[in-house]
Amino acid sequence: FKETTCCGSADTERKVSQFLEPLSTVKDEMVKLTAKLVLARARSSDLESVKKLNCWGSELTDVSVFRQMPNIEVISLSVNNITTLQDFRFCQNLQELYVRKNCIAELSEICYLKDLPKLRVLWLADNPCETADHDKYRMTVLKTLPNLQKLDNTIVTAEDVNRAIEVGEDLKLPVTEKVVLLENGGGRSTSPTDQDSDPQQSAIAVTLEETNKIREQLGLKPLPAEKYTPIQTRVSPSLSKGRNANILSAVLALVKELDHESLETVQHAVKNRLDSF
């Protein structure tokens with residue numbers, strides 16, 4: 001897979017720019033990769049059918065759209081402004097990931113890729129997380145991701161992996177945000193440690209941000225903070241994942257606002273999704 005620029009000409013750049021959604025007007029403006037751009041670039045009708053995507057050099061900072069793309073196999077996002085790898089952990093069919101020359105500061109971000117069974121190629125070089133001690137950096141990455149066949153455009157050998165197991169550092173998943181729990185109709189913030197101490201009683205609350213992202217996808221206006229009422233969902237860690245619980249709660253909260261035609265659209269989408277299993 002050859003990396004090429006997403007904006008190859010002035011005309012193409014103008015077309016692409018309409019899909020790169022500004023999230024802020026501050027000095028370091030955030031640029032979001034939208035579903036519209038993905039579908040335009042991949043010439044596809046839906047996100048789940050996209051297998052390859054190249055958005056090299058597009059100043060992207062938000063690539064959360066990949067959470068909706070479980071079947072993508074090759075992603076090229078080099079020369080952007082991405083700061084985390086967490087959005088790629090939902091791409092269970094991902095085989096090749098090119099993210100060189102971004103803004104990934106912590107090497108522990110690669111822990112988000114540990115559960116991707118098909119990942120074989122990773123190009124992470126030229127990020128802040130690439131330490132001055134290149135050998136230590138390479139050994140640590142391979143210890144965390146021993147199934148890689150190529151790292152930073154260099155073939156990985158069995159000897160590399162064996163040595164990495166011995167000398168590479170152990171990394172832990174980054175803690176990026178606190179989990180909001182509801183207690184007796186009210187909310188409080190707690191650390192993951194607090195949550196794990198009583199997992200059976202944990203209640204996962206959908207954040208306003210998550211809800212409004214789904215509202216946006218459904219064509220609805222953002223919900224004002226004063227009208228937002230979190231829905232409490234009790235989840236058994238052995239049976240469900242936190243993110244699925246978040247999305248389910250958000251969807252249930254939105255269903256009551258849809259009209260008959262919109263509900264039929266949702267019903268059709270759910271039927272197609274169920275048929276795919």
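1. How many helices and strands does the secondary structure of the chain come to? The chain has 8 helices and 12 strands, taken as DSSP runs numbered from the N terminus, with helices being H or I of at least four residues and strands being E of at least two.

2. A word on the source: this is a predicted model, in which local features need pLDDT of at least 70 and side-chain atom pairs count only at pLDDT 80 or more, while totals for chains, interfaces and linings use all residues. Residues are numbered from 1 along each chain as its sequence is written, and side-chain values use heavy atoms, with hydrogens and water left out.

3. Please keep confidence in mind. The mean pLDDT (the predictor's confidence in each residue, from 0 to 100) is 75 for the chain, and 61% of its residues reach 70 or more. Over residues 177–206 pLDDT stays under 50, and the model has 51 contacts beyond four places in sequence there; a contact means heavy atoms within 4.5 Å. Residues 231–240 also stay under 50, with 23 such contacts.

4. Of the 277 residues in the chain, 38% are buried, meaning under 20% relative accessible area with a 1.4 Å probe, protein chains only. Among contacts with a separation of 6 or more, 48% join residues 24 or more positions apart.

5. Beyond its neighbours within four places in sequence, L33 is in contact with V38, L53, C55, L60, D62, V63, V65 and F66.

6. In α3, the buried residues are Y137, R138, M139, T140, V141, L142 and T144. They pack against β6 (121–123), β7 (150–151), β8 (154–155) and α4.

7. How do α3 and α4 meet, and at roughly what angle do their axes cross? The axes come within 8 Å and cross at roughly 95°, using lines fitted to C-alpha atoms over the stretch in contact and angles from 0 to 180 degrees between N-to-C directions. The two helices are therefore roughly perpendicular to each other, a label for 65 to 115 degrees. D135, R138, M139, L142 and K143 of α3 meet D160, R163, A164, I165 and V167 of α4.

Note on methods:
Parallel < 35°, antiparallel > 145°, perpendicular 65-115°, else oblique. Buried < 20%, exposed > 50% of the residue type's maximum accessible area, 1.4 Å probe, protein only.
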